[in-house]
Amino acid sequence: MTKTLSTAEAEKLFTFENVGASLKELETPVPIIDFDIMLANLIRWQKHCDEIGIANWPHIKTHKLVPVAKLQMALGAKGLAVQKLGEAEVMAAAGLKELLLTFNVVGESKIARLAKLMRDTNIAVVADSMEVVAGLDEAGKRAGRKLDVLVECDTGMGRNGAQTPADALKLAQVIDRSEHLTFGGLMTYPPAGKRESVGTWLAEAKQALARADLPAKRISSGGTPDMWKKEGLTDVTEYRAGTYVYNDRAIVRSGAAAWKDCAETVLATVISTPTPERALIDAGSKALTSDLLGLEGYGLVHGLGDALVYGVNEEHGYINVAKSAAKPKVGDLVKVVMNHVCPVNNLFDKVVFVRGDKVLGAVTVDARGKVH
Ligand SMILES: Cc1ncc(COP(=O)(O)O)c(C=O)c1O
């Protein structure tokens, strides 16, 4: 159930480093996150999960922050999804122990790390092949207890995963026969806009498993673009949303959020205005990433009349200010709404929380760079 948490209680989970009181005092480029918008995003989704009876398993790959993960748990999340062992280790070290690792664990050193995590946490993992299952069985053996494994299903994304419900059943049977594993259910990262066909895929797999006397305890789906859609969720028991915590240009395009729900922007400084049409900022691909996600340009500056960041070099961002009523001057600050927030948070050691233009303070991005 959604726990009620006041803004002050939520803020108590954060230790803010003093980096000044106003945006003008910040060094740019820097990601800034509006605390109240973030909190509203988290509460809205938790309430929705409670209303539709689905367990909330937020994916921490977007924020990579222990205090935000703690906030999600305090609001009612059942556990946390992580993409890499390194993210799991960071969460576990902070006492967050209900984890689902949604990425195949492959390789000897990773199996050893998983076995160690199993001793400290209640981690479940995924697999989509016999090879991966064999490694996981070894991790369970080393940890001295059984490991819960969900079969990853490719329900239309065209990424990895069992290709058909029949394949999912076969792998579930292999997991079930493995000495140190238990079959945990199904996991999918579905393609956006395909809820109905994904639902049919999962229903078929669920029925095949039930016929084989291997009920799927958990059916885990996810993704922010479709998170508010009702269809195709009949068999889903839990949902992993990641980007919803902050939102971004791609999510606004998907219709899952409005501009006012975008909590995170990159604060940048205008460093040159060589022509009346062009302003250059100190945020390029090393701050905004080069992710396009099918959008035009690399970000949008609402403060300059929705001016487009139309180009990036590593350190330079190019803004088209031809149509901006007020031309920016060197030294001005701009807020860029990024195409894709997740990789941006992996580029900075610290992010700064704000309330409007008031600075609350900086926090270290705990799992930054944890891509192993
Ligand atoms: C396996 C998995 N689950 C959940 C998510 C979260 O998706 P979103 O950020 O769209 O909410 C992702 C994102 O890439 C993912 O790969």
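Is Cys49 buried or exposed? Cys49 is buried, at a relative accessible area of 0%; buried means under 20%, with a 1.4 Å probe and protein chains only. The model is predicted, with local features needing pLDDT of at least 70, side-chain atom pairs counting only at pLDDT 80 or more, and totals for chains, interfaces and linings using all residues. Residues are numbered from 1 along each chain as its sequence is written, and side-chain values use heavy atoms, without hydrogens and water.

**View 1. The cysteines.** The structure holds 0 disulfides (a disulfide is a pair of cysteine sulfur atoms within 2.5 Å). For Cys49, the closest cysteine sulfur is in Cys342, 17 Å away and too far for a bond. Cys342 is in no disulfide either; the sulfur of Cys262, its nearest, is 12 Å away. Cys342 is buried, with a relative accessible area of 6%.

View 2. Polar contacts are shown (pairs of N or O atoms within 3.5 Å). A polar side-chain atom of Thr243 lies 2.5 Å from a ligand oxygen. For Thr224, a polar side-chain atom is 2.6 Å from an oxygen atom of the ligand. Gly242 uses a backbone N or O atom, 2.6 Å from a ligand oxygen. The protein covers 94% of the 390 Å² of accessible area that the ligand has on its own (Shrake-Rupley method, 1.4 Å probe).

**View 3. The shell around the ligand.** There are 13 residues around the ligand (a heavy atom within 4 Å). Gln83, Arg159, Thr224, Gly242 and Thr243 come nearest. The shell divides into 3 nonpolar, 7 polar and 3 charged residues, with Gly counted as polar.

Key. Polar contact = N/O pair within 3.5 Å; in protein donor to acceptor, adjacent residues only side chain to side chain. Buried < 20%, exposed > 50% of the residue type's maximum accessible area, 1.4 Å probe, protein only.
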